[in-house]
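I have opened my notebook for a slow look at a new structure. Come along while I jot down what I looked up.

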Number of protein chains: 2
Amino acid sequence: MNCSLAQTLNIVGERWSLLIIRDASFGVCRFDDFQKSLGVARNMLSMRLKQLTLHGILEKTIEEGNRTEYHLTQKGWDLMPVLLAMTHWGDKHVPAEKGERVVFVDRDSGRPIEPMSIHDADGKRLGVHDIRARFPK
Amino acid sequence: MNCSLAQTLNIVGERWSLLIIRDASFGVCRFDDFQKSLGVARNMLSMRLKQLTLHGILEKTIEEGNRTEYHLTQKGWDLMPVLLAMTHWGDKHVPAEKGERVVFVDRDSGRPIEPMSIHDADGKRLGVHDIRARFPK
């Protein structure tokens, strides 16, 4: 399918992948720490880490004491808008039955960031019906 | 997992769901048209449409001639930032080997919208390292 969405879903369209990327953005970098945080089966985690490394989203490094670490590459960090958009949608539409959740804030001011929104080329905020898809001819 | 991302992934964290939502945003509303557009197995499509309706992302209506249609609700339209963020990431990071792709443009000016980005509460654009997660106490 010649569609960027489909292509992206081929790479990260699987629940564990995005949760691994979220944890990596929080500073998690070791296999056992991902495993503890996510409660995912070790063989599944191993497969996902391998796939994300293969796609250049994570970089695998060997640290002192022969310890393996996984860190987000720029391509991986570029997925933050996807994660944030999903997070904000969940904040709005899925009740937080277990109480307060993680909030993403501006590092300087400490204020919550704007919910992920659509903007025109000049940075003006647009509504969802202010845009249209232009299909290739 | 008390995390909005995980909650969202529980609902739309499956490749077909997001592709169905994309098609619905393009105006596709009938079962056969979704099927033709996506090339998905009919039982899988049926299952996904049912699930999306159950979650209030699609609304099922019965039209003249007893024809069933599926339309995005506001909750469904609110997923556009997720779709756009994935689309823009694919535009940037997955080569378009099959040529030009869909471009999302401002309906008024016809100009491509800004790639989905992070903004502070005042609308100022932030980099991915300008934000941090504030965890519940």
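**Starting from one residue**

I began with A:Val82, which touches B:Val82, B:Ala85, B:Met86 and B:Trp89, leaving aside residues up to four places away in sequence. By "touches" I mean a contact, where the C-beta atoms of two residues, placed from the backbone, lie within 7 Å.

A note on what I am reading: this is a predicted model, in which local features need pLDDT of at least 70, side-chain atom pairs count only at pLDDT 80 or more, and totals for chains, interfaces and linings use all residues. Residues are numbered from 1 along each chain as its sequence is written, while chains are lettered from A and ligands numbered from 1 in the order in which they are written.

**The helix around it**

Next I looked at helix H6 (residues 80-93) of chain A, whose axis comes within 8 Å of the axis of H6(B) and crosses it at roughly 175 degrees. H6(A) is therefore roughly antiparallel to H6(B). Axes are lines fitted to C-alpha atoms, for helices over the stretch in contact, with angles from 0 to 180 degrees between N-to-C directions. Angles under 35 degrees count as roughly parallel, over 145 as roughly antiparallel, 65 to 115 as roughly perpendicular and the rest as oblique.

Which residues of H6(A) meet H6(B)? I found A:Pro81, A:Val82, A:Ala85, A:Met86 and A:Trp89 facing B:Pro81, B:Val82, B:Ala85, B:Met86 and B:Trp89.

**The wider interface**

I then stepped back: 64 residues of chain B are in contact with 64 residues of chain A. H6(B) gives the most to chain B's side, with 13 residues.

Strands take part in the pairing of the chains too. Strand E3 (residues 103-106) of chain A is joined to E6(B) by four bridges, and the two run antiparallel. A:Val103 stands opposite B:Arg134. Strands count as paired if DSSP finds at least two bridges between them.

The axes of H2(A) and H1(B) come within 10 Å and cross at roughly 170 degrees. So H2(A) is roughly antiparallel to H1(B).

**Back inside chain A**

Chain A has six helices and six strands. Helices (H or I, at least four residues) and strands (E, at least two) are DSSP runs, numbered from the N terminus.

Is helix H1 (residues 4-12) of chain A mostly covered or mostly open? It is mostly covered, with seven of its nine residues buried. A residue is buried if 20 or more other C-beta atoms lie within 10 Å of its own, exposed if 12 or fewer, and partly exposed in between; C-beta atoms are placed from the backbone. The cover includes helix H2 (15-25) of chain A together with H2 and H6 of chain B.

Last, I traced strand E1 (residues 58-63) of chain A, which six bridges join to antiparallel strand E2 (residues 67-72) of chain A. In their hairpin, with three residues between the strands, A:Gly65 takes a positive phi near 75 degrees.
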